[in-house]
Amino acid sequence: MIKNLAVLGSTGSIGVQALEVAELMEFKIEALTANSRTDILEEQIRKFRPRLAAVADEKAAADLKIRVADTSTTVLSGSKGVEECARCGADSVLNSIVGIAGLAPTLAAIETGSSIALANKETLVAGGKIVMDSAAAKGVSILPVDSEHSAIFQSLQGYRGKNQIKRLILTASGGPFFGKTRAELEKVTLAQALKHPNWSMGAKITIDSATMMNKGLELIEAAWLFGIKAENIDILVHRQSIVHSLVEYVDNSVIAQLGVPDMRIPIQYALTYPDRYQSPVKQLDLAEAATLTFERPDYETFSCINLCRRAFEKGGLYPAAVNAANEKANELFREGKIGFLDIPKAVEAAFDLVAPVYDYTLEDVFETDKSIRFATERLFL
Ligand code: NAD
Ligand code: MG
């Protein structure tokens with residue numbers, strides 16, 4: 001069992017819940033990082049007294065340094081400071097940074113030999129091969145925090161065989177626009193897109209859930225985490241978000257993990273694996289839930305899912321490209337600069353903007369990310 005922990009992205013939705021779990025489990029906090037929210041980070045520093053803290057935004061870091069000058073925490077700045085926190089040598093580094101900014105810190109933590117609790121799915125989408133290869137070389141485990149992947153991981157416990165998994169089934173809530181037609185999606189607003197039916201999450205992933213790009217990213221994440229071909233990963237819309245995902249074995253037996261939709265369950269499991277401890281999370285009452293429904297997604301209306309599948313199947317830098325196009329388009333939509341359906345448009349356009357390179361380095365991933373973001377912005381301006 002781990003004793004100490006670093007939380008990267010500690011001021012976000014997952015980060016805050018991870019610290020709740022850490023407090024209950026009495027983990028020592030070694031490092032905390034944020035992008036710019038120094039008010040929340042200051043409170044966290046005073047409460048958890050980490051050895052290190054970092055703020056990606058240089059100005060905000062300077063502000064935090066003054067605010068916590070009376071504490072023993074060393075404040076670092078910029079993306080290098082965040083990476084240094086990832087290298088703090090904690091037993092586990094929980095990465096809940098949003099977007100590609102999480103990739104270099106994940107690799108830094110792996111190099112140091114810390115176990116990774118991974119919420120930052122963009123890390124595996126853009127740099128899956130590099131991350132998995134370096135984790136294997138270092139003998140480091142990557143434990144999923146994403147609820148679907150935690151459900152699959154939990155459903156695989158006790159599996160000692162080889163080639164006995166038929167398929168993985170990822171469940172999807174369907175987001176706020178499930179059942180809508182493309183014509184109806186044309187006019188949806190930011191406020192409507194931010195109203196997720198079951199989960200309260202950061203803004204970027206909430207929009208990804210509305211476009212269902214989130215499920216496409218998760219398909220790629222699952223393929224890397226579990227070493228399964230994309231063609232053996234299916235998706236089912238399950239509006240109640242109680243069955244968090246399933247594994248189907250060759251004998252057609254299906255094992256699933258269920259629970260109320262509360263991220264503290266997968267967060268805690270990633271930090272206490274293979275053990276389980278009591279949790280303040282609400283007990284699941286299936287009689288109260290009464291009905292669990294499952295439907296096939298509308299792949300035509302929510303085209304992002306199959307665009308991600310296609311990118312993974314093409315391989316090389318395609319997943320990094322669709323991730324970058326989505327990150328940029330998601331941001332432009334949140335800024336009110338483009339419409340909702342411009343997001344899948346941007347993701348599709350990325351296929352023509354990336355070089356079909358299959359032997360690539362980490363620098364190529366970052367270069368692709370940069371150039372696709374630039375090209376995506378130009379698509380609309
Ligand atoms: P969030 O926006 O609430 O928090 C993001 C965190 O990352 C914040 O602490 C922020 O300060 C930090 N950050 C942002 N940009 C940064 C940068 N450039 N450099 C360093 N730090 C930066 O997001 P969230 O909802 O907590 O999601 C975090 C990650 O977890 C995402 O990858 C998301 O897909 C994944 N995830 C979230 C949930 C959920 O329930 N929120 C569920 C599953 C997976
Ligand atoms: Mg998820």
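I will begin with the second largest pocket, which has a volume of about 580 Å³. This is a predicted model, so please read every value I give as computed from it. The pocket is lined by 26 residues, and those closest to its centre are Phe153, Leu156, Leu225, Phe226 and Gly227. By type, the lining residues split into 16 nonpolar, six polar and four charged.

Which elements supply at least two residues each to that lining? They are helix 6, at 121–138, strand 7, at 142–144, strand 8, at 165–172, and helix 11, at 213–226.

Now the domains. The domain assignment gives domain 1 as 4–144, domain 2 as 146–313 and domain 3 as 315–381. Because domain 1 and domain 2 both give residues to the lining of the second largest pocket, the pocket lies between them. The C-alpha centres of domain 1 and domain 2 are 25 Å apart. In the contact between them, 25 residues of domain 1 touch 28 residues of domain 2.

Next, the charged pairs. Side chains of opposite charge can pair when their charged atoms come close. In this model there are 28 salt bridges, and I will pick out a few.

One is between Arg167 and Asp234, with the closest N and O atoms 2.5 Å apart. Arg167 sits in strand 8 and Asp234 in strand 9, residues 233–237, so the pair ties together parts that are 67 residues apart in sequence. Arg167 is partly exposed, at 26% relative accessible area, and Asp234 is partly exposed too, at 27%.

Another joins Glu288 to Lys282, where the closest N and O atoms are 3.6 Å apart. Are these two residues buried or exposed? Both Glu288 and Lys282 are exposed.

The next pair is Arg373 with Glu327, at 2.5 Å from N to O. Arg373 belongs to helix 17, residues 362–380, and Glu327 to helix 15, residues 318–334, so this bridge links distant parts of the chain, 46 residues apart. Here both Arg373 and Glu327 are buried. There is also a network: Glu42, Arg46, Asp63, Arg67 and Asp70 are joined by salt bridges that share partners.

Where is His238 placed? The answer is the loop between strand 9 and strand 10, the latter at 243–249. His238 is buried, with a relative accessible area of 1%. Setting aside neighbours within four places in sequence, its contacts are Thr171, Ala172, Ser173, Val243, Leu292, Thr293 and Phe294. As for Leu284, it is 46 residues from His238 in sequence and 16 Å away in space, C-alpha to C-alpha.

Last, helix 10, residues 203–211. Why do I call helix 10 largely enclosed by the rest of the structure? Because seven of its nine residues are buried, where buried means under 20% relative accessible area. Those buried residues are Lys204, Thr206, Ile207, Asp208, Ser209, Ala210 and Thr211. They pack against helix 6, helix 9 at 190–193, helix 11, helix 14 at 304–314, helix 15 and helix 16 at 342–349. After helix 10 comes Met212, which has a positive phi, near 65°.

That is the end of my part.

Terms used: Residues are numbered from 1 along each chain as its sequence is written. Chains are lettered from A and ligands numbered from 1 in the order in which they are written. This is a predicted model: local features need pLDDT of at least 70, side-chain atom pairs count only at pLDDT 80 or more; totals for chains, interfaces and linings use all residues. Side-chain values use heavy atoms; hydrogens and water are left out. On a 1 Å grid over the protein atoms alone, a cavity is a set of points where a 1.4 Å probe fits but cannot get out, and a pocket is an open set with protein on both sides within 12 Å along at least five of seven lines; lining residues have an atom within 4 Å of a point. Grid points are joined across faces, edges and corners, and a volume is the space filled by probe spheres set on the points. Helices (H or I, at least four residues) and strands (E, at least two) are DSSP runs, numbered from the N terminus. Ala, Val, Leu, Ile, Met, Phe, Trp, Tyr, Cys and Pro count as nonpolar, Asp, Glu, Lys and Arg as charged, and the others, Gly among them, as polar. Domain bounds come from an automatic or database domain assignment. A salt bridge is a side-chain nitrogen of Lys or Arg within 4 Å of a carboxyl oxygen of Asp or Glu. Buried means under 20% relative accessible area, exposed over 50%, partly exposed in between (1.4 Å probe, protein chains only). Contact means heavy atoms within 4.5 Å.
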